[in-house]
Amino acid sequence: MTLTPFPSKPRPELASRRSYAALPLSWAAVVLVLTLTPADEMPRTPVWKLLSFDTAAHAGVFVVLAGLSWFSLRRQRHWPRLARHAGVAVLVGSTLFGGLIEVLQVTMRLGRHGEWTDLISDAIGAVLAVGAATAWAGWRGTPTRSLAAALWLGGSLGVACMGSAAPARAQDIARARRTIEKLASPGMHGRGYVAQGEHRAAAYLRGRFRELALQPLAPDFTQSFTLPINTFPGAMRLAVSGTLGNAELRPGQDFIAAPASGSGQVQGRPWRLDSLVFTNPDTAAAWQRRLRLTRPLLLLTARDQARLPTLPVPLRQRIDSAAWLVLVPKLTASLAGEQAPRPRLEVLSPRWPADAVVQARIDARLQPDYQTQNLAALVRGTTQPDSFLVVSAHYDHLGMMGRKTYFPGANDNASGVALLLELAAHYARPENRPAYSVVFLLFGAEEAGLVGSRYFVAHPLIPLPNIRFLVNLDLLGTGEQGATVVNGRLLEAPYRRLAALNDAHRYLPGLSARGRAANSDHFPFSEAGVPAFFIYTRGGSTAYHDVNDRPAALSLAGFAGAFRLVRDFLNGLGAEKSTVRRE
């Protein structure tokens, strides 16, 4: 008797079931790859006005995942009870999978950040998918292959869209780095007062404000003012010859012009200033007579320069009228609003040969009334629009030194501007609209002595008494060692709230408080009675006011943490609707 083979029909069915199970598993793998890609490898995020791209992306991805999972569970026959309750199983599984993604983003240090709002978006997507699939099955009687095909096609289109524009929150670090690179690029000419550098930066930042649909606080976001400024648009040359031969020193690398340097040419062997002039009256008198008869090139040390104000006035006046070379351990550029009668240069000590003979030519131009600007915008509050929280940063830097050398200013302060723009993007989203108005101020001429912020305080675009708090952002490109909060010792209660937020969420490795300091744009506001913090990060790159302050040197280790810390702090003060009651 010939045995009848076991019917082969179930075998294709089992294979079919296995292939359908592969659909949600494959999609889950795609989602994991996308969500765990390091933030700095993700492309630019689009800005949507009615709904944030981040919310839509999370919901869309989980619509596909939940739909495919529901379809697979309904088709399988191994667990009939699971097939009957596929909707519940899919909702629970999708929520757990979404939570796993958020946990991984927090723990894997990829520059990505878990958010409970993302989990809500995931759950909404899953609910929509299960509801639609259940309705489809009720209408058609049973799920069909067309449902799986439609879901997979929709998911593939979603992946294509995500490939060209990733979720907004995943873009924070990458977008911030692009902002820093743009502001620190050669085309911005150091955001200073040669070749319209600061005007170029301001034009770029106005465009960013417009992209975010922020409201201007002044026409075209611009509050103009003038200042005197000494600039170096032309020749910048220093050649030395000594016992080891001749050398052409490089501006920015080997020497810089002092902030108040005058124009001119100098040559010859410099006179080394005798340090006894500071302690011996006879030596001081002899140097005064000597300088009355000639106009030499003086060679000073950095310590000598710091002690010049202690000299008798007649000798100091003679020294001020001479040309200088100052030997320094580090080149640190600055700005001045006046100009000395003759050239003054700062030279790295290791680059100075013994018994050197000098040839130098400097082109310096004092602009007595240079027009620059602050930029001001706001997101208007929904509950108390006449109460203000302010985020500020200065966008200017040191500009050019000669025709080719520029100071990038990546950490100081392209990093602070980038963080301000990220906060502006956050509060501009419909779901994050604040209860109090949030004002974003980008100050010009900070490097020239807090000129822009002083002008704003003297000519405020909003009532200063209505400012509940100001957070000034400067030097935010590092963070390996945490951050410092200037005025933290003066405003103890707000600092305790800030520190408690950081302790609870571990946004930054640590916070430390400082007292009163006139070292950034918070200071004029503090002096006018506005409560204000100045936050800067510590660790990492030590480049400061030099040509090495470039984007590549910045780790941005504390950038995301600083963003979330400032956001939570502002939310607690009234930037979040739930914290404010209508009066």
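Reply: Let us begin with burial. A residue counts as buried when its relative accessible area is under 20%, as exposed when that area is over 50%, and as partly exposed in between. The model considered here is predicted. N413 has a relative accessible area of 0%, so N413 is buried.

Me: In which helix is N413 found, and with which residues is N413 in contact, leaving aside its neighbours within four places in sequence?

Reply: N413 belongs to helix α12. With those neighbours set aside, R191, A393, H394, L473, D474 and L475 are in contact with N413.

Me: Which residues have a positive phi although they are not glycine?

Reply: Two cases may be given. H189 has a positive phi of about 50 degrees, and A213 has one of about 60 degrees. H189 is placed in the loop between α7 (172-183) and α8 (197-211), while A213 is in the loop between α8 and β1 (215-216).

Me: Are H189 and A213 buried, partly exposed or exposed?

Reply: The limits stated earlier apply again. Because its relative accessibility is 19%, H189 counts as buried. A213, with a relative accessible area of 46%, is partly exposed.

Me: Let us turn to helix packing. At what angle do α12 and α16 pack, and how far apart are their axes?

Reply: For a pair of helices, one reads the angle and the axis separation together. Helix α12 (residues 410-428) packs with α16 at an angle of about 50 degrees, and their axes are 10 Å apart. Angles under 35 degrees count as roughly parallel and those from 65 to 115 as roughly perpendicular, so α12 is oblique to α16. The crossing of α12 with α16 is right-handed.

Me: Which residues of α12 and α16 meet?

Reply: From α12 come S415, A418, L419, E422, L423, H426 and Y427, and from α16 come F559, A562, F563, V566, R567, L570, N571 and A575. Sorted by class, this contact has ten nonpolar, three polar and two charged residues.

Me: How does α14 pack with α16?

Reply: The angle between helix α14 (residues 492-505) and helix α16 (residues 559-575) is about 130 degrees, and their axes are 10 Å apart. Since an angle counts as roughly antiparallel over 145 degrees, α14 is oblique to α16. This crossing of α14 and α16 is right-handed. On the α14 side the contact is made by P494, R497, L498, L501, N502 and H505, and on the α16 side by L565, D568, F569 and L573. These residues comprise six nonpolar, two polar and two charged.

Me: How many helices and strands has the chain, and what percentage of its residues count as buried?

Reply: There are 16 helices and 20 strands in the chain. Of its 583 residues, 54% count as buried. Among contacts between residues at least 6 apart in sequence, 82% join residues at least 24 apart. The accessible surface of the chain is about 26000 Å², with 57% belonging to carbon and sulfur atoms.

Terms used:
Residues numbered from 1 in each chain as written. Predicted model: local features only at pLDDT ≥ 70, side-chain atom pairs only at ≥ 80, totals over all residues. Heavy atoms only, no water. Axes fitted to C-alpha atoms, helices over the stretch in contact; angles between N-to-C directions. Helix = DSSP H or I, 4+ residues; strand = E, 2+ residues; numbered from the N terminus. Left-handed = near helix turned anticlockwise from the far one by under 90°. Contact = heavy atoms within 4.5 Å. Nonpolar A, V, L, I, M, F, W, Y, C, P; charged D, E, K, R; others polar. Buried < 20%, exposed > 50% of the residue type's maximum accessible area, 1.4 Å probe, protein only. Areas by Shrake-Rupley, 256 points an atom, 1.4 Å probe, with all protein chains shown as cover.
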